[in-house]
Amino acid sequence: MLLHHFFQDTTRRQPDRIALACEGARLSWADIAGEADRLARCLHARGVRRGDRVALFLDNGWESVAGIHAVLSLGAVFMPVNPLTKRDKLAYLLADSRASALLTHAALSDAWAHAIAASPSVHTVVVASKEGASAPRPGGAIAWPDATSPPAEPVPDPGTIDQDLAAIIYTSGSTGDPKGVMLTHLNMVSAARSVSTYLGLREDDTIFCALPLAFDYGLYQWLMATRTGATVVLERSFAFPLKALEIMARERVTVFPGVPTMFSMLTATRGLDRFDLGALRMITNTAAALTEDHIRRLRGLFPQATLFSMYGLTECKRVTYLPPSQLDIRPTSVGRGMPNEEVWLVDDAGRRLPDGSTGELVIRGSNVMRGYWEKPKETAERLRPGPIPGEWVLHSGDLFRTDEEGWLYFVARKDDIIKSRGEKVSPKEVENVLYAHEGILEAAVVGVPDEVLGEAVKAFVVPREGHVLTEKEVIRHCLARLESFMAPRHVAIVEALPKTDTGKIKKTGLA
Amino acid sequence: MQDVKQAVRQFLLDNFAMGGGVTIADDTSFMEAHILDSTGFIELITYIEETFGLAVDDEEMLPENFDSLANIEGYVARKRAQAPAA
């Protein structure tokens, strides 16, 4: 079973049903299959082959979905990249993965035109544009093929097996350099089966997705829809919550996956009762913890919807969910696993702990990644030998405690990664960018509690002799180089930073 | 009277880093041009409230009111027309 077989089976079974609704357009399963096939033939003619990495640097839209299936049908590996990524980081991702091709929008050219100049491995850039094929493109880039493009040869069967990579999803790490999580077809099929089973997703569901498809939580809304035959209503962002609700009411959305920041924005907005959301039967949460207050407010707003509180990490897609029947009994738990998976806690020496302990969460299952792309040292830190010789289990890097019945409660991260708006922010990555500013002598980045964001990114900076810095300028410098959710929300300009005996910057106590 | 479009254009250029050569035309969608994302809109709305002395209702937080210079100009004009003369 390969990941795209879900899509192929559903397309065969119900070609004319609507698969995707996005910005007023409605595409059937057959429509998407047609677009994917056309793009696949184009990429194949350009030399994209089995195992090649193809970066998808796109906003949420039909192009992302067609792109995923085009790449999978070639036996190649899709790499979804957040459209907020700026040029230097995009160049890093393309170089690290030695990507062969890039699928993108003309509107994002400020980032990719510069990045591809520094990425010799990328031989093909396919650009979608509102102006169509006639829009200007930097030299070498080709237009996204459409019905008027000259037809290309059908794609031969690449011979992919489920041990092959389907995707590489980059994730931020403590060291500052993003790491490519390698996911095989087996990993992703296993995860999609497990999650869609415990959620009880159905063919007649309509899933609202304002989460980026570059984020696995968003990506799997589509992948699970391909498995079940559900419809996805795709939105670019949750910038205008009322607009989102209007769409959810109009499309009779039944499933709403969100993160706490979205739920905070929603529950703080007045005038929600004029939208008929009676079709909504399921709300899910992951990426950051749902507080009891969130739970209470969401149930007040959507009394007919079942709420799923979940936890996972890119390295294995998802780990655990709380069965809704447990929400009143232990609202702050995230469950005790999911189908076809085993989880347990270990102490610092790696020994399994009994229920009622606190330790690092370990995950065993077919959803666990193959490792980080070309980063054996970092991989060895997370994947350790499992109970059966030759197998690996994932050390999550998160501390949990279990109660007497084995239910899991998140305690803390082992590393210093900040979670803001449900997104991972590496303090080191932000500090590296701050150090690139000629007026900054020293920098330290920490997370501070924030009611809406969960944690807000705060930077402490020491200006160089003779330089005058402003908070606005420092933030702007970061916005030019990092995704917006990584740029500091607060900047404190200080004379000096506390140091340890060995002269390293000491972050404890910075707030 | 302050030109609304010019003031907001300058606010965006000052506060949101954009690559060189980005022109913000009167009808440029900030979302499509990747000038603003969700937190950016919140900051824009705060700026508009403070600069033009308005209170933005939750129900008014829509792209039709805020997702281009022309939309903002129209929104500010409508709000001012509603407000009683000082």
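Analyst: A helix here is a DSSP run of H or I with at least four residues, numbered from the N terminus. The model is predicted.

User: In which helix is the place of Arg193(A)?

Analyst: The model is predicted, so local features need pLDDT of at least 70. Arg193(A) falls within the run of residues 185-199 of chain A, and that run is helix H6.

User: Is Arg193(A) buried, partly exposed or exposed?

Analyst: A residue needs 20 or more other C-beta atoms within 10 Å to be buried, and 12 or fewer to be exposed. Arg193(A) has 18 C-beta neighbours inside 10 Å, so it counts as partly exposed.

User: What distance separates the C-alpha atoms of Arg193(A) and Leu223(A)?

Analyst: Arg193(A) and Leu223(A) are 30 residues apart along the chain. Their C-alpha atoms are separated by 9.8 Å.

User: How many residues of strand S9 of chain A are buried?

Analyst: S9(A) spans residues 179-184. On one side, Lys179(A), Val181(A) and Leu183(A) are buried. On the other, Gly180(A), Met182(A) and Thr184(A) are buried too. The count of buried residues in S9(A) is 6 of 6.

User: Which strand pairs with S9(A) over 6 bridges?

Analyst: The pairing is antiparallel. Ala167(A) stands opposite Leu183(A) in S9(A). The partner strand covers residues 165-171 of chain A, and it is S8.

User: Which residue in S18(A) stands opposite Val181(A)?

Analyst: S18(A) covers residues 371-372 and runs antiparallel to S9(A). The two strands are joined by 2 bridges. Opposite Val181(A) stands Tyr372(A).

User: Where does Glu374(A) lie, and what is its phi?

Analyst: Glu374(A) lies in the loop between S18 and helix H11 (376-382) of chain A. With 13 other C-beta atoms within 10 Å, Glu374(A) is partly exposed. Its phi is positive although the residue is not a glycine, with a value near 50°.

User: Leaving aside neighbours within four places in sequence, which residues is Leu102(A) in contact with?

Analyst: Contact here requires C-beta atoms within 7 Å. Beyond its neighbours within four places, Leu102(A) is in contact with Ala55(A), Phe57(A), Leu94(A), Trp112(A), Ile116(A), Val122(A) and Val125(A).

User: What pattern does chain B follow along the sequence?

Analyst: Chain B has 4 helices and 0 strands. Of its 86 residues, 26% count as buried. Read along the sequence, its pattern is α-α-α-α.

User: Is His34(B) buried or exposed?

Analyst: The place of His34(B) is in the loop between helix H1 (4-15) and H2 of chain B. Its phi is positive, about 60°, although it is not a glycine. A residue is buried at 20 or more other C-beta atoms within 10 Å. His34(B) has 22, so it is buried.

User: On the side of chain B that touches chain A, how many residues are nonpolar, polar and charged?

Analyst: The contact takes 18 residues from chain B and 20 residues from chain A. On the chain B side, the largest share, 4 residues, comes from helix H2 (residues 38-52) of chain B. By class, that side has 8 nonpolar, 6 polar and 4 charged residues.

Technical notes. Residues are numbered from 1 along each chain as its sequence is written. Chains are lettered from A and ligands numbered from 1 in the order in which they are written. This is a predicted model: local features need pLDDT of at least 70, side-chain atom pairs count only at pLDDT 80 or more; totals for chains, interfaces and linings use all residues. Two strands pair if DSSP finds at least two bridges between them. Two residues are in contact if their C-beta atoms, placed from the backbone, lie within 7 Å. Ala, Val, Leu, Ile, Met, Phe, Trp, Tyr, Cys and Pro count as nonpolar, Asp, Glu, Lys and Arg as charged, and the others, Gly among them, as polar.
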